[in-house]
Amino acid sequence: MGLDLIILGAASATPTSNQFTTAQLLKMREHYFLIDCGEGTQKQLRRSKTKFSRINHIFISHLHGDHFFGLVGLLSSFHLLGRTAPLTIYGPPKLKDIILTQFRAAGTFTSYPMHFVVTQHKVPQVLVDTDAYTISSFPLKHRIATTGFLFKEKPLKRTLNKEVADAHGIPVCDYHWIKDGKNWTNDDGEEVQNDLLTSDPPKPLSYAFASDTMYTADTAEYVKEVDLLYHESTFCEDKKARAKQTMHSTAAQAATVAKEAAAKHLLIGHYSARYADKSKFEEEAKAVFPNVFAARELYQYRLEHSGIKIKSLAPEKNEK
Ligand SMILES: [Zn+2]
Ligand SMILES: [Zn+2]
């Protein structure tokens, strides 16, 4: 169990020779979710060896190019690769028109059904609700309509101890009830208590993605006690005035949101290209909130209750 977050791009504004703009892949309960899709996202997906076809949901925070200029290319590749599975794209109102205009102008169509769900930028909104998880959007404060996204696992059923179940001769068809917490009664009317047959399941985990935004106390309210918060930190404290003017955040402001939300871990990114050394972001955030990581591209952040494990997914240098 656990959530895996792969950082595909962590830069703001423009891609550079060695940096990509915002895109992340979240793996939750066997499902793949793409969050933002900056230019070059599909190349990064390939480099991270992610199976494209497993992405059935794409979430776009806002319509600044550094968050969605890779989308039409990715959608087109899905078509060229012969995808047939439906794809749902969640994003601001004009996203559908932008994408469909491009496809129409090229006289093309997609081999798969594409659904668009419009996000609200003024109120939180539940976008997906299944037995396994809920995904919702929440408002952010940026120059144009922008939302963050909150991914929450739902509690699992109790974990069956198969050895104990076998020792009592419990048939497989009764497992379902036992995992729901019910006691089991044998043919002689003897009851076996559920706590002998099962143990507590792993606690659900949650991830919040707060893309471009200036500091606002509301963000902490929307992501209260989240296990992992990604919050943009475009600037360091030396450019605090610039952050305010462009409606972005500093590393210390991102850390303030994490602290106010009582988040367990903070991941920062969306770095301005004017900073060659990224360690300053981490340093400034750490002074406010200790449990911080600076997002690095093509790294996987595995979130478990015990903490975060970080692994590089970057291909070997001689690998094509
Ligand atoms: Zn941006
Ligand atoms: Zn933006």
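Predicted model: local features only at pLDDT ≥ 70, side-chain atom pairs only at ≥ 80, totals over all residues.
1. A polar contact is a pair of N or O atoms within 3.5 Å. A polar atom of its side chain lies 2.6 Å from the backbone oxygen of Thr213. That separation falls inside the 3.5 Å limit.

2. Where does Ser249 sit? Its place is the loop between helix H8 (240–246) and helix H9 (251–261). Ser249 has a relative accessible area of 0%, so the residue counts as buried.

3. The surroundings of Ser249 deserve a look. Setting aside neighbours within four places in sequence, Ser249 is in contact with Thr213, Met214 and Tyr215 among others. The list also includes His231, Glu232, Ser233, Thr234 and Phe235. Ala243 is another of these contacts.

4. On to charged pairs. Side chains of opposite charge can pair when their charged atoms come close. How many salt bridges does a search of the whole structure find? The count is 13. Some of them follow.

5. Asp180 and Lys157 form a salt bridge through their side chains, at 3.0 Å from N to O. The pair links distant parts of the chain, 23 residues apart. Asp180 lies in the loop between helix H5 (175–179) and strand E11 (184–185). Lys157 lies in the loop between strand E9 (147–153) and strand E10 (159–160). Asp180 is at 40% relative accessibility, so it is partly exposed. Lys157 is at 39% and therefore partly exposed as well.

6. Lys224 and Glu221 make a salt bridge, with N to O at 3.7 Å. Are the two partners buried or exposed? Glu221 is exposed, because its relative accessibility is 53% and the class begins over 50%. Lys224 is partly exposed, with a relative accessible area of 40%.

7. Glu284 and Lys280 meet in a salt bridge at 3.1 Å, N to O. Both belong to helix H10 (residues 279–286). They are 4 residues apart there, so about one helical turn separates them. Glu284 is buried, at 15% relative accessible area, whereas Lys280 is partly exposed, at 36%.

8. Elsewhere, salt bridges with shared partners build a network. Which residues does it join? Asp4, Arg302, Glu304 and Lys309 make up this one network.

Key. Residues numbered from 1 in each chain as written. Chains lettered and ligands numbered in written order. Heavy atoms only, no water. Salt bridge = Lys/Arg side-chain N within 4 Å of Asp/Glu carboxyl O. Helix = DSSP H or I, 4+ residues; strand = E, 2+ residues; numbered from the N terminus. Buried < 20%, exposed > 50% of the residue type's maximum accessible area, 1.4 Å probe, protein only. Polar contact = N/O pair within 3.5 Å; in protein donor to acceptor, adjacent residues only side chain to side chain. Contact = heavy atoms within 4.5 Å.
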